[in-house]
Amino acid sequence: MSSAGKSPWLLHYNASSCNGCDIEILAALTPLYDVERFGIINTGNPAHADIFVVTGSVNEQNKEVLKNLYDQIPEPKVVLAVGICASSGGVFRDCYNVSGGVDTIIPVDVYVPGCSVRPEALIEGVVKALGVLEEKRAAVDNGGLR
């Protein structure tokens, strides 16, 4: 991973999780784990984000919100599905209103396993996402991805 021209900004969305993964995301931002050492900035504005971090499974109420947030993030962008619920629907997969994981609505670049995820796993996922983002930025610079 080489140095990026711009610090990657992260948008976090809780689709419908139990908040276990959300608590671990907050833990990763604390000085103990310090995910911000990679230049990550947590933003609330999708227009400024590069990495879309999603926790929880997709259901009928949030699938349109999820798609709208994804569409507002400028290219190149990376989607990080955090936890088993975001990856596959998890324990809620068979519920009547659950559609499954995030990849049933938007493309996912990196999956972070766990229920709930450990901060170390989240940091590893963020580092992988930075690599994917760098590849996509290079593709845009070469006129490949628009």
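C18 counts as exposed, at 59% relative accessibility, where exposed means over 50% relative accessible area, buried under 20%, and partly exposed in between (1.4 Å probe, protein chains only). This is a predicted model, in which local features need pLDDT of at least 70 and side-chain atom pairs count only at pLDDT 80 or more, while totals for chains, interfaces and linings use all residues. Residues are numbered from 1 along each chain as its sequence is written, and side-chain values use heavy atoms, with hydrogens and water left out.

**Cysteines**

- Searching the whole structure turns up zero disulfides, a disulfide being a pair of cysteine sulfur atoms within 2.5 Å.
- C18 is in no disulfide, and its nearest cysteine sulfur, that of C115, is 6.0 Å away.
- C85 is in no disulfide either; the nearest cysteine sulfur there is again that of C115, 5.7 Å away.
- C85 is buried, with a relative accessible area of 11%.

**The annotated domain**

- An unreviewed UniProt entry carries the annotation "domain: NADH:ubiquinone oxidoreductase-like 20kDa subunit" for residues 18-128; UniProt positions are given in the numbering used here, feature names are shortened, and annotations may be inferred rather than shown by experiment.
- Over residues 18-128 the chain is 32% helix and 19% strand, with the end C-alpha atoms 25 Å apart.
- Helices (H or I, at least four residues) and strands (E, at least two) are DSSP runs, numbered from the N terminus.

**Nonpolar cores**

- The largest nonpolar core has 22 residues, and I51, V53, L80 and V82 are those with the most contacts inside it.
- Such a core is a set of buried Ala, Val, Leu, Ile, Met, Phe, Trp, Tyr and Cys residues joined through side-chain atoms within 4.5 Å.
- A second, separate core has 17 residues, including F52, V58, Y70 and V102.

**A buried aspartate**

- D50 sits in the loop between β2 (41-43) and β3.
- With a relative accessible area of 7%, D50 is buried.
- Leaving aside neighbours within four places in sequence, D50 is in contact with K6, S7, P8, W9, P76, K77, V78, L133 and R137.

**Salt bridges**

- Side chains of opposite charge can pair when their charged atoms come close.
- The count comes to seven salt bridges, each a side-chain nitrogen of Lys or Arg within 4 Å of a carboxyl oxygen of Asp or Glu.
- K67 pairs with D71, their closest N and O atoms being 3.0 Å apart.
- Both K67 and D71 lie in helix α2 (residues 63-72), four residues apart, about one turn of the helix.
- K67 is partly exposed, at 33% relative accessible area, and D71 is partly exposed at 45%.
- K136 and D109 meet through their side chains in a salt bridge (3.1 Å, N to O).
- K136 lies in helix α4 and D109 in the loop between β6 (98-100) and β7, so this pair ties together parts that are 27 residues apart in sequence.
- K136 counts as partly exposed at 21% relative accessibility, as does D109 at 30%.
- K128 forms a salt bridge with E124, with the closest N and O atoms 3.6 Å apart.
- Helix α4 holds both K128 and E124, four residues apart, about one turn of the helix.

**Backbone features to look at**

- Most residues other than glycine have a negative phi, and most peptide bonds are trans.
- The peptide bond from E75 to P76 is cis, with omega near -5°, and P76 lies in the loop between α2 and β5.
- Another cis peptide bond runs from C115 to S116, with omega near -15°; S116 lies in the loop between β7 and α4.
- N19 is not a glycine, yet has a positive phi of about 80°.
- N19 is found in the loop between β1 (9-14) and α1, and is partly exposed with a relative accessible area of 39%.
- D34, also not a glycine, has a positive phi of about 50° and lies in the loop between α1 and β2.

Conventions. Contact = heavy atoms within 4.5 Å.
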